[in-house]
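User: Hi! Could you walk me through the packing in this one? I'll start with a quick question once it's on screen.

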Amino acid sequence: IVPADIIIRNNYFSKPLSWRGSSPRWWVKNIFELKNAERVLIEGNVFESIWEAQQSGFAFVLTPRNQGGHSPWSAVRDVTIRYNKIQKSFSGFNVAASDNEYPSQDTKRIHIHDNLILLDSSLGTGGGKAFQVLNMGGHTVEGLRNEHNTVRNSGPWGFHGEPNQGKHPGSIYHNNIVTHGTYGFAGSQTSDGDSTIQTYYSLPSIRKNAIVGGNSANWR
């Protein structure tokens, strides 16, 4: 009941930019989503052309979905995303701790590493987010690892939702090259750096990241 042991390798995923417009013919959402899966490997792929439309323009959406309230076992866990190229995308990754409408299992052990992520702010309004991590209703993302990614972004490189909804345990952000962009590593009510870490994370390891245009005074 939880699809498992899935490999997605060496594919080219794309949507025609001609589908984008003020009166679109097609309902366009993200380009890759997991709602109920475990032990998934996604490597060596190209993902391109995703814009703000029926969803907010993330290339990847990783969030358990108990569709209609009939599958509370739904989970997204033990997912590795590596060696991929993401380009012509408004935003990068949206990782949510649980279903926000019905009971589900919590998101666990997501490893995002060694990806090239080239975001394009012209494909939406404002600046797209490189990595968004959402806690909700006391549910958190356990064991998120974000390492060795190279990101070109104009919006925040890390964004978080409402505070006081639990802290993500066991998170790692190591050896990434990112652009500070607007707001940097922030939350809906927190500013770049330490205030966001203290609000949203429990004992994280965040080190050896190159934040182009960032302010070291915001970090311990």
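User: Are Phe-185 and Tyr-201 buried or exposed?

Analyst: Both Phe-185 and Tyr-201 are buried. Keep in mind that this is a predicted model.

User: Okay, and what about the aromatic pairs, how many are there in the structure?

Analyst: There are 13 aromatic pairs. One of them is Phe-93 with Phe-131, a stacked pair at 5.7 Å centre to centre and 20 degrees between the planes. That pair links distant parts of the chain, 38 residues apart: Phe-93 belongs to strand E9 (residues 91-96), and Phe-131 belongs to strand E12 (residues 131-134).

User: Why does Phe-131 count as buried?

Analyst: Because its relative accessible area is 4%, and buried means under 20%. Phe-93 counts as buried too, at 0% relative accessibility.

User: Back to Phe-185 and Tyr-201, why is that pair stacked?

Analyst: The planes are at 25 degrees and the ring centres 6.1 Å apart, so the pair is stacked. Phe-185 is in strand E19 (residues 185-187) and Tyr-201 in strand E20 (residues 201-202), so parts 16 residues apart in sequence are tied together.

User: New topic: which residues have the most contacts inside the largest nonpolar core?

Analyst: Ile-42 and Phe-60, in a core of 41 residues. Leaving out residues up to four places away in sequence, Phe-60 touches several others, including Ile-42, Ile-81, Ile-86 and Phe-93. Phe-60 also belongs to one aromatic cluster with Phe-13, Phe-32, Phe-47, Phe-93 and Phe-131.

User: Last one: where does the charged end of Lys-129 sit?

Analyst: Over the ring of Phe-159, 5.0 Å from the ring's centre.

How values were computed
Residues are numbered from 1 along each chain as its sequence is written. This is a predicted model: local features need pLDDT of at least 70, side-chain atom pairs count only at pLDDT 80 or more; totals for chains, interfaces and linings use all residues. Side-chain values use heavy atoms; hydrogens and water are left out. A nonpolar core is a set of buried Ala, Val, Leu, Ile, Met, Phe, Trp, Tyr and Cys residues joined through side-chain atoms within 4.5 Å. Buried means under 20% relative accessible area, exposed over 50%, partly exposed in between (1.4 Å probe, protein chains only). Contact means heavy atoms within 4.5 Å. Rings of Phe, Tyr and Trp (its six-membered ring) pair if their centres lie within 6.5 Å; planes under 30 degrees apart count as stacked, over 60 as edge-to-face and the rest as tilted. Helices (H or I, at least four residues) and strands (E, at least two) are DSSP runs, numbered from the N terminus. A charge sits over a ring if NZ of Lys or CZ of Arg is within 6 Å of the ring centre and within 35 degrees of the ring normal.
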